[in-house]
Amino acid sequence: MKTQLPCLLIALFSVGLHAQNTLSGNLNGWEPANAEIITGMNAPIQIGAIAENGEFTIELTKDFVEKTLQGIDGFNENSDAWKSSLSTIEKAFACNSETVALENADQPILSVSNLGNYGLANIEDRKMYGSFMIVNNKDFAEGFRAFGKYENKKGYYLDWYYFEKAATVKGECSMESYALNQEESYIGKNIYDLNFKPGWNIVKYEVLELFEDRDGKTYEALVLWETLDEMPADVQYIYFAK
């Protein structure tokens, strides 16, 4: 992303993850009229809606899984240049060491967000309002979206992963990395504490430590990946206007 979009911190009056994988709440400060919450790899898939008064609902259903897989198949049938596919647990979380234990890791990863972002649009009018992230602070959201600027901050975002059967990822991966100036280096580490259940899983990606080079650029030095049983108490919704 070349430029940082304007952002608005949305106060959350009430939010919760209910039975049947329904996420609902009220977005104070939402200015547009009715809008759909969308995501998807090759084509937009509606997963929820926001009303004029700011009330929103996201439905995590098997229908999203089926539409995503159908979209991949349809794209591949019509593309001769390159093919689209889902990553697997093993490809996403394994590293060149024996420090990560995997179970049922051959399953594809089907996540709801696009790098932590959920789109806001009027599908019928083909109009994008922007997107939002489910995070714990505004600074983290802005830094995470500023790709290539190395303005990373501590914090987390939430996503939802779907699996047909239980799986686990336990351990850590470490790798020496260099700053943009190619003179300073740091150890980048990912810690995995993932216990996937059949169905939908809340996954938290949290930056715990940063490395700052002499030019003020910041890099993710310690990241924790973990599954949660419920939504964190400090969760916030950060809206980025288009």
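A disulfide is here a pair of cysteine sulfur atoms within 2.5 Å. In this predicted model, local features need pLDDT of at least 70 and side-chain atom pairs count only at pLDDT 80 or more, while totals for chains, interfaces and linings use all residues. Residues are numbered from 1 along each chain as its sequence is written, and side-chain values use heavy atoms, with hydrogens and water left out. Helices (H or I, at least four residues) and strands (E, at least two) are DSSP runs, numbered from the N terminus.

**Disulfide**

- A search of the whole structure finds 1 disulfide.
- Cys95 and Cys173 form this link, with their sulfur atoms 2.1 Å apart.
- The link of Cys95 and Cys173 is left-handed, with -95° about the S-S bond.
- Cys95 lies in the loop between α2 (89–93) and β7 (100–103) and Cys173 in strand β12 (residues 167–178), so the pair ties together parts 78 residues apart in sequence.
- Cys95 is partly exposed, with a relative accessible area of 27%, whereas Cys173 is buried at 8%; buried means under 20% relative accessible area, exposed over 50%, and partly exposed in between (1.4 Å probe, protein chains only).

**Strand β3**

- Strand β3 (residues 22–27) is mostly covered, as 6 of its 6 residues are buried.
- In a regular strand the side chains alternate between the two faces of the sheet.
- Thr22, Ser24 and Asn26 point one way from β3, and Leu23, Gly25 and Leu27 point the other way.
- β3 pairs with strand β6 (residues 55–59) in the antiparallel sense over 5 bridges; pairing requires that DSSP finds at least two bridges between two strands.
- Within this pairing, Asn26 stands opposite Glu55 in β6.
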